[in-house]
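Here's a quick tour of the fold on your screen.

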Amino acid sequence: MKYKYILFDLDGTLTDPQEGICKSINHALSYFGMEKPLNELTQFIGPPLLKSFAGLVGEENAAQAVVYYRERFSTIGLYENQIYPDVKEALALLKEKGYTLCTASSKPQVFVEKILEHFDIAQYFTIMGGATLDGKIGEKEQVIEMVLDRLNADKTHTVMVGDTKFDLIGAEKMGLDAIGVTYGFAAKEELLQYPHIALIDDITQIFDVL
């Protein structure tokens, strides 16, 4: 078994959070009179929120926009979410086969934990890793580093699974192999431009790669 540890992104990889995230972004933008069509906001699923809001409302307003976003997301948007087909079954089988599963999400860890518990998949994860609310850990590579430190894992036996360039770039920066999933929020053509050992169109294809 080449890989022992598998780190999963959450949004766009395990669950489809589009409705909750986009509506919560618009909730924040409404304070600035800048609401947008929801389909124009999917590009902001994945990157750290502070960075996304800096591009939308300016760096000077970004931190306050995150506060407004969390007003809605923490109580409503969190649950406007759907687990992707076959994810629960795939996680159960990976765990049964002896893999150690963790998340490495740019979403705050407190929300990661609530979402995994909501979908009854928290039990498959040794570490539910995510960003910190204060933003000190937010970039993908920072979250990956935190999870690796807690695992004391060998990087050569660890693989990152995610749906955006941020997952693939973060893995590369931390010296990990990466698997891209094409059913999330980045086009396959975009993922092809970044380091990966495989791209999969369906979570069950991970078994062929492993």
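The radius of gyration used here is taken over C-alpha atoms, and the globule rule is 2.2 Å times the number of residues to the power 0.38. For 210 residues a compact globule would come out near 17 Å, and the protein chain has 16 Å, so the two agree.

Keep in mind that this is a predicted model: local features need pLDDT of at least 70, side-chain atom pairs count only at pLDDT 80 or more, and totals for chains, interfaces and linings use all residues. Residues are numbered from 1 along each chain as its sequence is written, and side-chain values use heavy atoms, with hydrogens and water left out.

Here are some whole-chain numbers.

| Property of the protein chain | Value |
|---|---|
| Accessible surface (Shrake-Rupley method, 1.4 Å probe) | about 9400 Å² |
| Share of that surface from carbon and sulfur atoms | 48% |
| Buried share of the 210 residues | 51% |

Buried means under 20% relative accessible area (1.4 Å probe, protein chains only). With contact meaning heavy atoms within 4.5 Å, 65% of the contacts between residues at least 6 apart in sequence join residues at least 24 apart.

Now for the elements. DSSP runs give helices (H or I, at least four residues) and strands (E, at least two), numbered from the N terminus; the protein chain has nine helices and eight strands. Take α3, residues 59–73: its 15 residues reach 21 Å from first C-alpha to last, close to the 21 Å expected at 1.5 Å a residue. That expected span is 1.5 Å times one less than the number of residues.

Which residues of α3 are buried? They are A62, A65, V66, Y68, Y69, R72 and F73. Their cover includes α1 (18–30), α2 (49–57), β4 (100–108) and α5 (109–118).

Notes:
Buried means under 20% relative accessible area, exposed over 50%, partly exposed in between (1.4 Å probe, protein chains only).
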